[in-house]
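Student: Could you walk me through a few local details of this model? I'd like to start with the loops.

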Amino acid sequence: MRPMLLATASAAVLALVALSAPSLAADAPFNRIATFNVVENLPAGADPAKPTAAEIITYTEDGNTLIYSDSPGERIGFIDITDPAAPKAAGVVALDGEPTTTVVIGSKAYVGVNTSESKAKPSGHLAVVDLATRKVEDKIDLGGQPDSITKSPDGRYLAIAIENERDEEVNDGALPQLPGGNLTTFEVKDGRVVDASKRVIDLTGLAAIAPEDPEPEYVDINSRNEVVVTLQENNHIVVVDLPTGKILSHFSAGTVDLDKIDTKKDGVIDLSGSMKAVPREPDTVQWIDDNRFVIANEGDWKGGTRGFSIFDKTGKLLFESGTAPEHMAVRLGHYPEKRNKKGIEMEGAEVATFGDDRLIFVASERGSLVFVYRDKGPGAAPEFLQVLPGGVGPEGLMALPKRDLFVTAAETDNRKDGGIGSVVTLYQRQPGATATYPTLLSVDGPDGLPIWWSALSGFAADAKEAGKLYAVTDSAYAQARILTIDATAKPAKITAATVLTKDGEPAKGLDLEGIAVRPEGGFWVASEGNPEKKEKPTQNLLLRVGADGAIAEEIALPEAVAAQAGRFGFEGVAVVGTGADETVWIAVQREWKDDPKGFTKLLAYKPADKSWGVVRYPLDKAAKGWVGLSEVSPYKDGLIVIERDNQIGNDAVIKKLAFVSLKDVKPAPLGSEVTPPVLVKSEVKDLLPLFKATHGYVLDKVESFAIDAAGNAFIVTDNDGVDGSSGETQFMSLGKLN
């Protein structure tokens with residue numbers, strides 16, 4: 001079968017599965033069971049504020065301990081997974097340099113350590129760590145900078161890609177940049193690497209791009225002791241016989257023509273672009289069997305085909321995923337528009353047999369997703385099964401089939417920007433279970449392409465149709481949009497998107513944070529302003545919007561009140577009453593200049609006479625960060641709000657729904673000398689247990705809440721448009737509230 005026909009088939013399978021419950025395709029899906037924060041495994045005296053990483057991961061032969069490389073900390077870390085649902089910190093081993101990859105042979109761990117003075121003067125060694133004593137007992141000089149390391153299935157050989165990587169700051173990263181790298185191998189006897197068996201296999205003179213600078217990236221060994229090596233920047237692949245050191249074959253990884261992709265960083269996910277003859281530039285490579293291997297096409301230099309490919313060892317292309325994974329990332333709200341030069345950037349890969357299934361795992365570093373496929377043999381396209389949320393920037397993938405486990409190591413540490421640090425995530429294969437992710441995805445739009453979405457920031461429920469919700473997206477995108485959601489589907493589905501327009505053109509400069517359905521039809525929408533923004537400060541606006549997205553009216557606050565606004569403004573919006581009694585309530589996230597500390601505003605606007613009123617809401621106090629409101633929704637004789645802190649992971653303390661009665665509450669006229677009444681709140685539901693039950697880290701922004709026409713409540717998180725975020729969105733049904 002021709003590769004392009006296979007690619008078309010793969011895209012169709014992805015789309016089909018996306019429109020049905022993932023569990024229908026995966027009879028034994030993987031589900032996340034635990035997340036381990038690397039910062040919890042620091043050695044005594046280490047500065048917890050410094051960056052950490054979990055880049056590449058492996059495990060001890062008994063399967064009870066994970067070992068990850070923490071390059072910034074110049075150490076490897078150990079995680080006890082005797083109980084995989086409750087991973088425990090198990091210490092670290094300090095190294096004299098930056099660890100790249102670790103492999104375990106018997107009672108020893110072999111760690112590639114980069115000690116390079118500079119990119120122009122690469123150096124490194126193989127550290128031999130005794131697992132019982134956690135001591136470095138030997139260092140074997142490698143003569144260059146090691147990257148990937150792997151052992152042969154029979155335990156006879158160790159292979160190391162000596163990359164001697166290029167400096168991207170020199171001549172725009174152009175090749176060649178000498179000294180060139182190589183493939184270094186060792187024999188293993190009685191569970192111990194034989195130092196004297198070191199063999200350096202020359203890989204120069206093979207690739208057409210920079211033959212003198214091979215830049216080997218990743219290695220893997222099949223059961224015939226043949227090692228496959230990717231030369232990423234050279235877009236080349238080499239197969240070597242380990243016993244003899246002979247090169248068996250070598251060939252270009254080739255190029256791909258990409259259609260229906262986003263090619264511009266313009267705040268809009270526009271899948272009308274194309275790129276021609278894009279070099280694959282493969283990163284990770286993994287044998288599927290003794291003849292076929294899969295490559296993840298990261299494109300670290302000029303290329304990046306946004307997918308993965310399967311070759312045989314003669315260089316024949318057997319399968320090309322094309323844009324199917326990228327379109328799935330768009331469908332799931334995981335597409336990184338702000339970093340889309342290389343698309344979702346596939347980097348990690350793993351192949352393992354679980355039961356009767358040979359499974360292929362490929363990871364998107366920038367989309368923070370892991371795609372799971374079932375190998376269907378040499379003559380067929382792999383079958384897409386499911387996607388997994390992978391932490392931020394999953395790079396290291398490791399399968400433990402004997403324990404029905406799969407593990408990702410996500411190297412990105414965003415704590416300095418208020419995000420999550422590097423994490424290790426554990427998943428378990430669960431026959432008969434339902435895949436728990438995704439919780440929300442989109443169908444195809446009128447153009448036959450996935451409806452793009454992300455950064456959900458406000459909810460409203462249709463007044464008549466149960467399970468029909470509306471959501472808005474925030475300033476992560478240049479277009480303000482209203483999405484229609486079918487919450488009765490599992491997972492929930494985004495079925496339509498409406499762009500807000502002004503004078504017939506897409507509205508600009510809006511930061512939608514709340515939406516409410518108008519009794520007369522159409523919507524009220526709240527746009528958060530930022531008067532403190534240095535360039536082009538914006539104001540808080542209440543917008544009256546037609547069902548077609550056309551803005552019919554922009555309503556600003558009185559100037560004297562607007563002058564009191566701070567960075568954190570309009571969030572949720574709700575409608576209470578009809579006709580002359582209609583009141584639009586707007587939640588302000590945090591205190592403004594005229595608010596007492598610990599209190600924020602709820603504003604009341606009456607369309608009938610265009611008057612404004614104000615009440616105050618008492619915020620909880622948090623030991624760390626700030627607390628504010630993220631949503632407001634009508635309920636009984638009052639309002640339900642989302643009150644939350646701005647903390648993530650283990651630091652998150654306050655994520656809840658609270659109720660305030662409006663009975664006998666008379667808002668103070670806005671801007672008057674009348675003291676605004678203070679609302680009395682009561683907790684409706686603590687949301688923290690719900691987020692902890694996902695077995696990921698607790699997400700920062702639970703931003704949206706609505707109660708549908710049948711009385712069922714729903715919440716959803718904001719993933720910040722996959723900007724410094726994993727892209728994970730949790731859409732949850734809470735059922736009927738008491």
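Student: Where is Pro179 placed?

Tutor: Pro179 is in the loop between strand E11 (157–162) and strand E12 (182–189), where strands are DSSP runs of E with at least two residues, numbered from the N terminus. This is a predicted model, in which local features need pLDDT of at least 70 and side-chain atom pairs count only at pLDDT 80 or more, while totals for chains, interfaces and linings use all residues. Residues are numbered from 1 along each chain as its sequence is written, and side-chain values use heavy atoms, with hydrogens and water left out.

Student: And the peptide bond from Leu178 to Pro179, is that cis or trans?

Tutor: The bond from Leu178 to Pro179 is cis, with omega near 10 degrees. Another cis peptide bond joins Lys490 and Pro491, with omega about -5 degrees, and Pro491 is found in the loop between strand E35 (481–486) and strand E36 (492–499).

Student: OK, is Lys636 buried or exposed?

Tutor: Lys636 is exposed, with a relative accessible area of 67%; buried means under 20%, exposed over 50%, and partly exposed in between, using a 1.4 Å probe and protein chains only. Lys636 is in the loop between strand E47 (627–635) and strand E48 (638–645).

Student: Switching topic, what is the strand order in the open sheet of four strands?

Tutor: The order is E21-E22-E23-E24, with antiparallel pairing, and two strands pair if DSSP finds at least two bridges between them. The edge strands, which each pair on one side only, are E21 (285–287) and E24 (317–320).

Student: How many bridges link E23 and E24?

Tutor: Strand E23 (residues 308–312) pairs with E24 over three bridges in the antiparallel sense, and Ile310 stands opposite Phe319 in E24.

Student: Last one: how many cavities of 30 Å³ or more does a search of the whole structure find?

Tutor: The search finds three, where a cavity is a set of points on a 1 Å grid over the protein atoms alone at which a 1.4 Å probe fits but cannot get out, and lining residues have an atom within 4 Å of a point. A volume is the space filled by probe spheres set on the points, which are joined across faces, edges and corners. The second largest cavity has a volume of about 50 Å³, and its lining residues include Arg32, Tyr697 and Glu728.

Terms used
1 Å grid on protein atoms, 1.4 Å probe; cavity = no way out; pocket = protein on both sides within 12 Å on 5 of 7 lines; lining within 4 Å.
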